[in-house]
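Me: Let's walk through this model together, one question at a time. Could you start with the ground rules?

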Amino acid sequence: MRYNQTLNRWDFTLGDYKTKVTLPHTWNVDDEVMNYRGKAVYETAVFINEEYKGKKAYLKFNAVYHSAKVYVNDIFVGEHSRSGFTPFRIDITNTAKIGENNSIKVEVNNIHTDNMLPHGDDFDWADDGGIIRGVTLEIREPDGIEYMHITEQIDSIQNGFASGMLNIKTNTEKPCTVKIYDYSNGKLVLQSDSLNIPFENLKLWSCYSPNLYTVTLETDNDVYETRIGIRKFETKGEKVYLNGEEIYLKGCEWMPGSHPDFGMAEPLDHSIKCLKQLKTAGCVFTRFHWQQDDALFDWCDENGLLVQEEIPYWGYPKEATPLQLDIAKQQADEMMHFHFNHPSIVCWGVGNELGAEKEATINYVKNMVTHFKSYDKRRLVNYVSNTLSRVENADKDDATLYGDIAMWNDYLGLWEPSDDIPNHMIRTCKKAEGMPLLVSEFGLCEPHFKGGDEERARILEERLAMYAEIPNICGYMWFSLNDYRTHCGEEGEDKLRRRVHGSTDLYGNEKPSYRLLCELQKK
């Protein structure tokens, strides 16, 4: 038996300010308390039926920014800290009362701190506090299935179909049956009593044919369901391949949580509007500076948008200490545990702009690449550098060279002065010779740099022409789709504080540079 109930309605208290809210929620877009950083309280109640006596009960949180202490019936049952964007689950079996209403209280804190990632004030997006994603009461058997992670080993590819082996990891040791259904029509295509399953002629998942399968794992008293896509994403020399065919990673980054009415509690329909803008513009790849919700990745799975999901370690401290490494490993484990089966996630990212020439950063990247690949060998692991191009670093090592794809934020002539951009770029790309290099950011940030959207469009067209001439550039990431809310923005105040860096505005309204992006990427 398995039962899930979404907990949407909560009472919210912040000092003297009290109101009823519907999840997801952040107080940092509420006019009365938008500038508050610190502690707040959410409370609700849920009735648990007698029929669930003897079962296990959990509260599953899709994300609380950035720390949460949870109480059931006024008893502390657990907490989650050091990570504000990853899911977590708390066992409430011993505290929940069967046949009664159960009170739930969540104390949330979004004050900036050095013992989490993002670190202190060192991040460039909104710091919205709250239960920013959904909460679910989960009930299952004491020996029920907690997870199912599926890895495909592809031995042969022909005409859009693959053959090979599916390997399943799960917590249960009970005899089980695996059933695989075509997601498009519900037809059973494969059944096995083994967790290592040979397969033949399953449809491949790709950007242009995002074929999915539903997989169920059944024991004598439980059924667990997930979705997968069969795909192979890899590098060879200076190129990137999807299902054995070279793919050029045309991309654009989107900064979620930027609509001033919603903030980081952005509803799925607005997120989908932004994702559709990426697809309409011809993008096949995007990256997120911080972890996102399963529902968002579901859309990417269904629509063939490749994703790099990243640990939000940006800027500082430049020299990672054992604390940052430990936090990053915690977040990596949560990312892999909850997001493992999404075919759209093809890369894990371990950090952005940390001072990649420093030995501590290089060691951090090496450690995190090893950590991710110790469990997940079918995805690439990368680090994003803004130091690869610096003249003073010409003879220095760079941490991005220890990932699978070298990733470089190109702001030549902007944040990084340059009097000869074409040759400066060629010298930079030679540092990554022999491996693929992706331009992980380029664009124009106003009002720090002048020229408005016309200048943004000029940079877009100029840079795409340059990138096309350099052999080991395997793609690019326009930054960004949207102007974005950030606690350190140069324009606007309160919940409208932002960076004007996008080809759409905070609300998703398109600028001329967005239309140019569509035109250029479809050539």
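Reply: Helices (H or I, at least four residues) and strands (E, at least two) are DSSP runs, numbered from the N terminus. This is a predicted model, where local features need pLDDT of at least 70, side-chain atom pairs count only at pLDDT 80 or more, and totals for chains, interfaces and linings use all residues. Residues are numbered from 1 along each chain as its sequence is written, and side-chain values use heavy atoms, with hydrogens and water left out.

Me: Where is L195 found?
Reply: Look at β14 (188-192) and β15 (196-203). L195 is in the loop between β14 and β15.

Me: Is L195 buried, partly exposed or exposed?
Reply: Buried means under 20% relative accessible area, exposed over 50%, and partly exposed in between (1.4 Å probe, protein chains only). L195 has 24% relative accessibility, so the label is partly exposed.

Me: Which residues does L195 touch, not counting residues up to four places away in sequence?
Reply: Contact here means heavy atoms within 4.5 Å. L217 is one of the residues that L195 touches; the two are 22 residues apart in sequence and 9.3 Å apart in space, C-alpha to C-alpha. The list for L195 is L166, N167, I168, T170, C176, V178 and L217.

Me: In what order do the 4 strands of the open sheet with antiparallel pairing come?
Reply: Two strands pair if DSSP finds at least two bridges between them. β13 (residues 177-182) and β14 are joined by 4 bridges, with V178 partnered by S192 in β14. Between β16 (residues 213-218) and β17 (residues 223-228) there are 6 bridges. The order is β14-β13-β16-β17.

Me: And why is one side of β14 and of β17 left without a neighbour in that sheet?
Reply: β14 and β17 each have a single partner strand, so one side of each lacks a neighbour in the sheet. In other words, they stand at the edges.

Me: How many residues make up the hairpin link from β16 to β17?
Reply: These two strands run antiparallel, and T214 stands opposite R227 in β17. The hairpin joins β16 to β17 through 4 residues.

Me: What covers the buried residues of α6?
Reply: The buried residues of α6 include I459, L460, R463 and L464. An α-helix has 3.6 residues a turn, so residues three or four places apart point the same way. The cover includes α5 (421-430), β27 (437-442), β28 (473-479) and α7 (512-521).

Me: Which residues of the largest nonpolar core touch the most other members?
Reply: A nonpolar core is a set of buried Ala, Val, Leu, Ile, Met, Phe, Trp, Tyr and Cys residues joined through side-chain atoms within 4.5 Å. The largest has 85 residues, and those touching the most other members are I311, Y364, M368, F372, M425, L437 and F442.

Me: What is the omega of the cis peptide bond that joins Y65 and H66?
Reply: Most residues other than glycine have a negative phi, and most peptide bonds are trans. H66 lies in the loop between β5 (56-61) and β6 (67-72). Omega for the cis bond from Y65 to H66 is about -5 degrees.

Me: What is the phi of N73?
Reply: N73 sits in the loop between β6 and β7 (75-80), and counts as buried because its relative accessible area is 15%. Its phi is positive, in a residue other than glycine, with a value near 55 degrees.

Me: What is the radius of gyration of the protein chain?
Reply: The radius is taken over C-alpha atoms, and the globule rule is 2.2 Å times the number of residues to the power 0.38. With 523 residues, a compact globule would be near 24 Å, which agrees with the chain's 23 Å.
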